[in-house]
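Please keep the sequence and the model in view while reading.

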Amino acid sequence: MSLHPRRARPAVAWGTIVWLTVVWVFLWGDLSVGNVLAGAAIALAVTTGLHMAPVDFHGRVHPWGVVRLFTRFGVDLVRASFEVAFIALRPRYVPHGAVIGVQLRSHSDLYLTMTAELCSLVPGSLVVEAHRLTGVLYLHVLDVRQAGGIEAARQAVLDQEERVLRAFASPAEQRAAGLTPRREEVHA
């Protein structure tokens with residue numbers, strides 16, 4: 001019997017390593033053996049060397065919710081890009097920006113992060129703080145008038161959160177967030 005108990009070896013998250021390697025290759029824009037090996041080495045170092053808190057996912061993927069989420073995200077991305085370009089090209093126009101706080105309905109770190117990332121990726125808004133204990137996102141909105149006012153900007157964030165929840169949350173998580181699960185989500 002050994003005096004030194006075996007240390008549990010951390011499990012290697014191969015899916016995460018593959019995903020991080022793919023992201024690395026896309027960021028560098030070069031599919032080469034060296035780039036793939038470097039990405040895999042960095043991904044392995046990150047996943048085994050850094051102690052990250054596990055992210056709990058109790059939901060499930062709802063295919064139609066995912067389609068709705070990414071379709072609407074694409075529409076928002078194109079629309080907002082034109083709006084920001086219009087603001088940039090308008091002479092003597094001064095946009096009226098604001099920082100707004102939005103209380104999200106879900107208390108999940110995962111859904112808060114997904115909502116924050118999708119909101120930040122749309123031009124004209126940027127998450128400046130995500131307060132995980134209270135579930136409040138603080139966003140800078142480039143032009144409140146063009147967004148339809150402060151309440152319309154808040155509602156856009158809440159609508160984005162709803163699409164995230166309908167794409168990935170379980171029916172119980174949706175009910176906890178005040179949403180009624182759709183029929184196809186309950187039976188999925």
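**From a strand pair to the whole chain**

Val-102 has Leu-137 of β3 standing opposite to it. The model in which this pair is found is a predicted one. The pair belongs to the contact between β1 and β3 (residues 136-141), which are joined in the antiparallel sense over six bridges. Within β3, Val-141 is the bridge partner of Ala-98.

On β3 there is a further pairing to consider. Strands β2 and β3 also run antiparallel and are joined by six bridges. Here His-131 has Val-136 of β3 as its bridge partner. The two strands form a hairpin with four residues between them, in which Gly-135 adopts a positive phi near 75 degrees.

Taken together, these pairings give an open sheet of three strands, ordered β1-β3-β2, with antiparallel pairing. Because β1 (98-103) and β2 (125-131) stand at the edges and each has a single partner strand, one side of each is left without a neighbour in the sheet. On average, and with direction ignored, neighbouring strands of the sheet are turned by 25 degrees against each other.

Helices pack on this sheet. Helix α4 (residues 109-121) touches β2 and β3, and its direction makes about 160 degrees with that of β2. Helix α6, in turn, lies across β1 and β3 and runs at about 45 degrees to β1.

Which residues have the most contacts inside the largest nonpolar core? They are Ile-100, Val-102, Leu-104, Val-127, Leu-137, Leu-139 and Val-157, in a core of 15 residues. The elements β1, α4, β3 and α6 each give two or more residues to the core. Leu-139 illustrates how the parts meet: leaving aside residues up to four places away in sequence, the residues that Leu-139 touches include Ala-98, Ile-100 and Val-102, as well as Cys-119, Val-127 and Val-157. There is also a second, separate core, which has 14 residues, among them Leu-69, Ala-167, Phe-168 and Ala-169.

Is Arg-163 buried or exposed? Its relative accessibility is 16%, and buried means under 20%, so Arg-163 counts as buried. Apart from residues up to four places away in sequence, Arg-163 touches Gly-65, Arg-68, Leu-69, Arg-72 and Asp-76.

The view can now be widened to the chain as a whole. The protein chain contains eight helices and three strands. Read from the N terminus, its elements follow the order α-α-α-β-α-β-β-α-α-α-α. The radius of gyration is 21 Å, well over the 16 Å that the globule rule gives for 188 residues, so the chain is more spread out than a compact globule. Along the principal axes, its C-alpha atoms fill a box of roughly 75 × 45 × 30 Å.

Of the 188 residues, 31% count as buried. The protein chain exposes about 12600 Å², of which carbon and sulfur atoms supply 66%. Among contacts with a separation of 6 or more, 66% are accounted for by residues 24 or more positions apart.

Notes
Residues are numbered from 1 along each chain as its sequence is written. This is a predicted model: local features need pLDDT of at least 70, side-chain atom pairs count only at pLDDT 80 or more; totals for chains, interfaces and linings use all residues. Side-chain values use heavy atoms; hydrogens and water are left out. Buried means under 20% relative accessible area, exposed over 50%, partly exposed in between (1.4 Å probe, protein chains only). Contact means heavy atoms within 4.5 Å. Two strands pair if DSSP finds at least two bridges between them. Axes are lines fitted to C-alpha atoms, for helices over the stretch in contact, and angles run from 0 to 180 degrees between N-to-C directions. The radius of gyration is taken over C-alpha atoms; the globule rule is 2.2 Å times the number of residues to the power 0.38. Accessible areas come from the Shrake-Rupley method with a 1.4 Å probe; for residues, only the protein chains shown count as cover. A nonpolar core is a set of buried Ala, Val, Leu, Ile, Met, Phe, Trp, Tyr and Cys residues joined through side-chain atoms within 4.5 Å.
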